[in-house]
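Let's take a friendly tour of the salt bridges in this structure. Have a look at the picture and then read on.

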Amino acid sequence: MDMLTFVFVCLSISITGLHAAFTVTVDNPSIKVKENDGVDLKCSYSSDFGSTARVEWKFKDLKGSQTLVYFDNKPTGNYESRVTFYNGGLRFNKVTRADTGDYDCEVSGNNGYDEKTIKLTVLVPPSKPVSRIPPSVTTGNYARLTCFDADGSPPSTYRWYKDNTPLPVDPTKFPNFKNLTYKMNVYNGTLEFASVSKLDIGSYSCEASNGEGAPQRGDVVRMEVHDLNVGGIVAGVIVALLAVGLLLFGLWYASKKGYLPTSQNNKLFIHSPEQMIWMMGMGNSSRNHLLLCSLCYSA
């Protein structure tokens, strides 16, 4: 009798031990499907949840926003016409790129709870990327070129071309590019120059690819690099100084000849252009304001 009891207990443990208590299982935790195709998200659960187990599906998109897909025994909102629930999973009759994200299958019942996640990636070829390339940069300045494909799923990676030649990610490893000092990020599409030089002059374009469909190339834009125009800056400063000098001389001359209105009170006597310059340099003092309002000349 004791031997029979022992055998019965062992058989019971081996049978019930095949499934852990309150367990949710998914057939495939990561699914990829082309846009506009249908797909099944399969989710099953152990019998200890009971015959009236509560099943819910939640969706979290790539931006982290969460939405209920299946709740209270029926699809919700926009999913009503697109989703069918069956014993064993959730079926989309057609998926779009907006359906890419994480789907949580949550099961509760008999005081038990478990959940599993299925990652769904809707495959979409890249579109023509939008690039921003400065047409002109001053030597020694920082320059940043950007490239972005808004449609590709999974997200595109990027490469840059200069004069129709692909640029290596690390130019220091290639003799023909070792004198270039750019930094390329293939994941966000940026090409950065800490200090541009004449070697960076050229026609630039970027390419987006994600393994779905043909890679897409953006528009070609030529970037010129110009030296700082020191002579022009100096000439501008000289012209400005001459203009100020002529203005001061004109005020002094008009005061000397009596062309400016006079006042009997608070008279200021200006004897020379040097005195005019000194008075103008007095800032916000009251005498400076009087100078502009009550100019007189001495005999």
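The sections below go through some salt bridges one by one.

## The overall count

Keep in mind that this is a predicted model. A search through the whole structure turns up 12 salt bridges.

## Lysine 34 and glutamate 212

One of these pairs joins the side chains of lysine 34 and glutamate 212, with 3.4 Å from N to O.

Glutamate 212, at 17%, counts as buried, because the cut-off for buried is under 20%.

## Arginine 144 and glutamate 192

Here the side chains of arginine 144 and glutamate 192 meet in a salt bridge, at 3.7 Å from N to O. Arginine 144 is part of strand β13 (residues 143–148) and glutamate 192 is part of strand β17 (residues 190–193), so the pair links parts that lie 48 residues apart in sequence.

Arginine 144 is partly exposed at 43% relative accessibility, and glutamate 192 is partly exposed at 27%.

Glutamate 224 is partly exposed, with 27% relative accessibility, and arginine 222 is partly exposed, with 42%.

Salt bridges can share partners too: Glu35, Arg97 and Asp151 are joined into one network in this way.

Key: Residues are numbered from 1 along each chain as its sequence is written. This is a predicted model: local features need pLDDT of at least 70, side-chain atom pairs count only at pLDDT 80 or more; totals for chains, interfaces and linings use all residues. Side-chain values use heavy atoms; hydrogens and water are left out. A salt bridge is a side-chain nitrogen of Lys or Arg within 4 Å of a carboxyl oxygen of Asp or Glu. Buried means under 20% relative accessible area, exposed over 50%, partly exposed in between (1.4 Å probe, protein chains only). Helices (H or I, at least four residues) and strands (E, at least two) are DSSP runs, numbered from the N terminus.
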